[in-house]
Amino acid sequence: MSISASGLNGPSEPSATPPGSAGTASVTDRLVAANQRYAAAFHDPGMDAQPVLGVAVVACMDARIDLHKALGLELGDCHTIRNAGGVVTDDTIRSLTISQRALGTRSVVLIHHTGCGLQSITEDFRRELEQEVGQRPTWAVEAFTDVDQDVRQSMARVRTSPFLAHTDDVRGFVFDVRTGLLREITNS
Ligand SMILES: [Zn+2]
């Protein structure tokens, strides 16, 4: 089963009030209101921008992964770089390069997960998009079927990047969204 381009932004879009919203407030209004409560209790931690643990975590944007809780991270500990799939794209390399060369990180942790949306779409997604909007996206969808293999590919892209200063501590994992456990992926 594949998710068509039109299925992602077309007729299935609910026209009613989105879940969790109150009255006419949009979801963004909710977030802004939450921020006002957050700021009221906020104290400047006086932190440097350099991540305390010297690590950058690249992960899927999946809503079920609470990276800080799942990895025992505190504010200021790490850089988190997230996208659909947690794949290592040129833009991920851009962020990692700045993370390492300007902000002192040395370790890279890659986290993909079970039940990823990228396992249910294919590169046909690009063609369907082109048919719908008349323009082919410049980016690859980065769909995959074997999550372990995709983690290996992501690790390889980091390790072989000419731009990164530190590629000796790169480890990859699959997060199980049902158990909350990480499973490490080895190179073989
Ligand atoms: Zn995912």
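Mentor: Start with α2, residues 27-40. Its 14 residues should span 20 Å at 1.5 Å a residue, and its end C-alpha atoms are 20 Å apart, which agrees. The expected span is 1.5 Å times one less than the number of residues. This is a predicted model: local features need pLDDT of at least 70, side-chain atom pairs count only at 80 or more, and totals for chains, interfaces and linings use all residues. Numbering runs from 1 along each chain as its sequence is written.

Trainee: How many residues of α2 are buried?

Mentor: The number is 0, so α2 lies largely in the open. Buried means 20 or more other C-beta atoms within 10 Å of the residue's own, with C-beta atoms placed from the backbone.

Trainee: And what share of the 188 residues of the protein chain is buried?

Mentor: 23%.

Trainee: Which residues have the most contacts inside the largest nonpolar core?

Mentor: A56, V58, V108, L110, I111 and V158, in a core of 28 residues. Such a core is a set of buried Ala, Val, Leu, Ile, Met, Phe, Trp, Tyr and Cys joined through C-beta atoms within 7 Å.

Trainee: Which element gives the most to this core?

Mentor: β1, with 5 residues. V58 touches I81, G86, V88, T92, V108 and L110, leaving out residues up to four places away in sequence. Contact means C-beta atoms, placed from the backbone, within 7 Å.

Trainee: New topic. How many helices and strands?

Mentor: 6 helices and 5 strands, in the order α-α-β-α-β-α-β-α-α-β-β. Both are DSSP runs numbered from the N terminus: helices are H or I, at least four residues, and strands are E, at least two.

Note on methods
Buried ≥ 20, exposed ≤ 12 C-beta atoms within 10 Å, placed from the backbone. Contact = placed C-beta atoms within 7 Å.
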